[in-house]
Amino acid sequence: MKFWDLIRIANRNLFRNKLRTFLTVAAIFVGSFTLTMTNGIGDGMRDYVESQVKNVDGDAVIFVRKKIEQPEQGTRSDAPPEYKEAAADESVENIDPNAMLVSTAQMDHVLKDIEGVTAVTPRYSLNGEYITIGTGKKYKLQLGTLAEGISQKTEAGHGLTGPGQVVLPLGLARAFDPAIENLPDQTAKIAYRLRDGTLATTDLTISGVATKGFMTNNFTFVDTETAARIYSEQQNGAANSDKFLNFIVRLSSADPDMIAKAKSHLEDKGFVAETIADQRKRTYDAIGIFKIGMSLVALIALLAASFGIINTLVIAVLERTKEIGLQKALGMGRSKIFAIFSLESILIGFWGAVLGTVAGIVVGLIVNKVLVTAYAESFEGFSLFAFTLPSIASVLLLVTSVAFAAGVLPAFRASRLNPIDSLRYE
């Protein structure tokens, strides 16, 4: 007897009691549907986050900030950090362990022993007032600095390539001109307020329009040279104007060993150092934990459904005891009896998984359409549910595996029946 014949027999056996089979498949359907939806929402969140964070990139840059001292073991988690005496002198070799701000001289001192450092960009805190093009409307301005080594994806034009340039966020660009491809190479005037309250302006060339992203939805980015000039004019000798909360280091290569050594050196000096890849991984890990948590709910439903499969097959074995005895008497071996009942359990899981997956995809696509219609402006490019072939295949494989595991015991019991006792069974 061929394997396909065994599948055909198993499938025919399931339809002997249609109601019982339907109820068992329905239980599997619920678990498969839930698992498909949880995977879909997890993949949708990941796709959206990727589209938002990958519009800025930099393989050879490290973000650096002072490490916050954690309470020592044995102390309460809410206990304040212990004060550590700083050196009396103000030399760059002695960084105050209680201060979060770091001067440019201290940055240079910390980085002097790191191989391949090509640029250091402090985090300039810029306060913009407005931006305008020609005689058009003035719009509120949030200024940001695009550090050296970080590239930016654009909808029109290109990223920053030199001093005196600016990249507009997509929303602001559309306010100036819905045809954003007309904006690159135009001159924009930005205004910013100085310490004495007066307004200063500067003309910058629009190099491009940024794609939407977590950082680029609102900020208008300028190059480091322009940022340093504006920052200097705004601070103009203010206290701590040469000290910054964090800074960005650009290396000459994206070699993993070079990056690892630089991070290790900075961490030994009391800093937290991370790359863009580290930041993304932290976000993806959070999404992964959420996805696992949601999937546990679906697995509980599948576990409950597996008892339904066991119950269905145990009853089937009792109902078909004489038939099994006759099949054995006619020469059918234990392995084929076991295979028939195992295939019945697998088919129950398979059909429940297929129906649940299809229903989950249909519902997910409908929800996506509703969200796009209702919240298109706020969630442009966002799909709550995303369905991928690996994810769908994993659901089908998991559900059929659970179904097979649930059917092993009844199938083994059927294969072990004594043919003589089975023929006498009432």
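Predicted model: local features only at pLDDT ≥ 70, side-chain atom pairs only at ≥ 80, totals over all residues.

Reader: Which strands stand at the edges of the open sheet of 4 strands?

Author: Start with the order, which is β4-β15-β2-β16, with antiparallel pairing. The strands at the two ends each have a single partner, so one side of each is left without a neighbour in the sheet. Neighbouring strands in this sheet are turned by 25° against each other on average, direction ignored. The edge strands are β4 (117–122) and β16 (271–274).

Reader: At about what angle to β16 does helix α7 run?

Author: Two helices are worth a look here. Helix α6 (residues 256–268) lies across β2, β15 and β16, and runs at about 160° to β16. Helix α7 (residues 276–319) lies across β2 and β16, and its angle to β16 is about 85°.

Reader: Is V166 in strand β10 buried or exposed?

Author: Strand β10 (residues 165–168) has cover on both faces. On one side sit Q165 and V167, on the other V166 and L168. V166 also stands opposite I206 in β12, a strand that pairs with β10 in the parallel sense over 4 bridges.

Reader: What is the bridge partner of V167 in β13?

Author: β10 pairs with strand β13 (residues 220–222) too, in the antiparallel sense over 2 bridges. In β13, the partner of V167 is F221.

Reader: How many residues are in the largest nonpolar core?

Author: Nonpolar side chains tend to be buried together in soluble globular proteins. In this core, I62, L126, I131, L168, L251 and L266 touch the most other members. Leaving aside neighbours within four places in sequence, L251 is in contact with residues including I62, V117 and M258. The largest core has 43 residues.

Reader: Why do the buried residues of α8 line one face of the helix?

Author: In helix α8 (residues 321–329), T321, I324, G325 and K328 are buried. Look down the axis of α8: these buried residues line one face because they fall within an arc of 100°.

Reader: Which residue just after α8 takes a positive phi?

Author: Step just past the end of α8 and check the backbone. The phi there is about 110°, and the residue is G331.

Key
Residues numbered from 1 in each chain as written. Heavy atoms only, no water. Buried < 20%, exposed > 50% of the residue type's maximum accessible area, 1.4 Å probe, protein only. Arc of directions from axis to C-beta. Pairing = 2+ DSSP bridges. Axes fitted to C-alpha atoms, helices over the stretch in contact; angles between N-to-C directions. Contact = heavy atoms within 4.5 Å. Core = buried A, V, L, I, M, F, W, Y, C linked by side-chain atoms within 4.5 Å.
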